[in-house]
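Reader: Hello, I am new to this structure and would like to go through it with you. Could you show it to me, please?
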Amino acid sequence: MEDQIERMDAIAEDHDVGGGGGGTGGQRKICLEPERIDDGDFVRICSAVGGFDGELGVVLEPLLERFRGDGVVERGQVLREVIEEVLARVDDFGTLERYIWLLQFSCGLCLLRDLPVGLSFEINKVTRSVANLDTEEYQFDPLMIHTIAKSLSEDIPLKGMNLVHVIKKLAVLNQKLFSYVSIAMIFAGIRHYVRPDEPIRMYRLYGLPEVLDLLETLKTDHLQQKALDIQRIFIVLKLLSCYQNVAILRYSQDPRPDIEEQHRCFGEFFRFREEQKRKYLRFLSLALEVVKRMSGRVDHFDRLADNEDFMLVVELLELDMIPLVKDDLGEEE
């Protein structure tokens, strides 16, 4: 890794810190918060086939018309009524089409811009209700994983920090189907940023060997460029951090029989050999050194503080990602 870092020095010396990756005139490019969706997008999600039919559709149509009104109080009250009507029928979402609608509805709630105060409990209740539905019949079916992940990613649609936000919401519940769909969306997102010319034909699970191959592409095509696209690097690392938490750190220490029992045909995607984790850690360490050099920092943090974008990437790697992998490997800081 040291040889790779040394080869970056020549690039770093030529890099324009003020304009190469951190934003023109010091303006920050990286956004830490979800971009959110507006009321029109939320109504479109609610009006999709699967939920907006039958009795629920009849009930929701006038509510959604009121929801698009201008009154803040009215908007919050209508949203509560919409949630109540959906929760009252949550057991009716037994088909895949209806399940996808309910999951999209849940994600739409999580992303809604200017959410009325006091609705967090109701929204979390919707998400938990989706997680509690019986998905045994399709949670181990690759085609179902593809269908659900594709519908969330492309129909809502999800990208940038919206994608990261939804993945975190799903993954924290530690439900198998949510985990599988999250991983499929993570790597569709990473492929979009790392290999933008390649269409996403299949939303699927990835094992760590394939992840390492993707990271090699990222290193070659992005980290070694003079004009480092810091915003792209940040999103990829945020998605990678989600994968690290939902897969590597969650299952890394589980014995193989437990992995096979839990994940059945997907067991291979949750087996992590030590040498693979060390290679993954080396990539994170390399990325950290490259970003530090690109930012103009060699031995001090004072120059780094002048560029918030680079500082955010350094903090993500140095504080959130690398220490957790080292801890998993039993390494001391």
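Reader: Let me start with H146. Is H146 buried or exposed?
Author: H146 is buried, because its relative accessible area is 12% and buried means under 20%, with exposed over 50% and partly exposed in between (1.4 Å probe, protein chains only). Please note that this is a predicted model, in which local features need pLDDT of at least 70 and side-chain atom pairs count only at pLDDT 80 or more, while totals for chains, interfaces and linings use all residues. Residues are numbered from 1 along each chain as its sequence is written, and side-chain values use heavy atoms, with hydrogens and water left out.

Reader: Where is H146 found?
Author: H146 belongs to helix α8, residues 142-155. Helices (H or I, at least four residues) and strands (E, at least two) are DSSP runs, numbered from the N terminus.

Reader: And what does H146 touch?
Author: Not counting residues up to four places away in sequence, H146 touches R201, M202 and Y203; contact here means heavy atoms within 4.5 Å. With Y203 there is also a polar approach: a polar atom of the H146 side chain lies 3.0 Å from the backbone nitrogen of Y203.

Reader: Stepping back, how many helices and strands are there in the protein chain?
Author: The protein chain has 15 helices and zero strands. Its 333 residues include 51% that are buried.

Reader: Which residues have the most contacts inside the largest nonpolar core?
Author: They are F105, L152, M185, L240, Y243 and F270, in a core of 113 residues. A nonpolar core is a set of buried Ala, Val, Leu, Ile, Met, Phe, Trp, Tyr and Cys residues joined through side-chain atoms within 4.5 Å. Helix α12 (residues 230-251) gives this core its largest share, 14 residues.

Reader: Why does this core lie between domain 1 and domain 2?
Author: Both domain 1 (30-133) and domain 2 (137-332) give residues to the core, so it lies between them. The domain bounds come from an automatic or database domain assignment.

Reader: Let me pick Y243 from that group. What is Y243 in contact with?
Author: Leaving aside neighbours within four places in sequence, Y243 is in contact with I183, I186, F187, Y206, G207, L208, V211, I248 and F272. One of these, I248, is placed in helix α12 and is buried at a relative accessible area of 2%.

Reader: What does I248 touch?
Author: Apart from residues up to four places away in sequence, I248 touches L208, Y243, F272, K277 and Y280. I248 and F272 are 24 residues apart in sequence, with 7.1 Å between their C-alpha atoms.

Reader: Turning to arginines, is R89 buried or exposed?
Author: R89 is buried, with a relative accessible area of 13%. R89 is found in the loop between α5 (72-88) and α6 (96-111). The side chains of R89 and E85 are joined by a polar contact of 2.6 Å. A polar contact is a pair of N or O atoms within 3.5 Å; within protein, one must be able to donate a hydrogen and the other to accept it, and residues adjacent in sequence count only if both atoms are side-chain atoms. Beyond its neighbours within four places in sequence, R89 is in contact with E55, L56 and V59.

Reader: And where is R113 found?
Author: R113 is in the loop between α6 and α7 (120-131), and R113 is partly exposed at 34% relative accessible area. Leaving aside neighbours within four places in sequence, R113 is in contact with E35, R36, I37, D38 and R75.

Reader: What about the backbone: which residues does a cis peptide bond join?
Author: A cis peptide bond joins I156 and P157, with omega about -15°. P157 is in the loop between α8 and α9 (160-171). Most peptide bonds are trans, and most residues other than glycine have a negative phi.

Reader: What is the phi of D114?
Author: D114 has a positive phi of about 55°, although it is not a glycine. D114 counts as exposed, at 62% relative accessibility.
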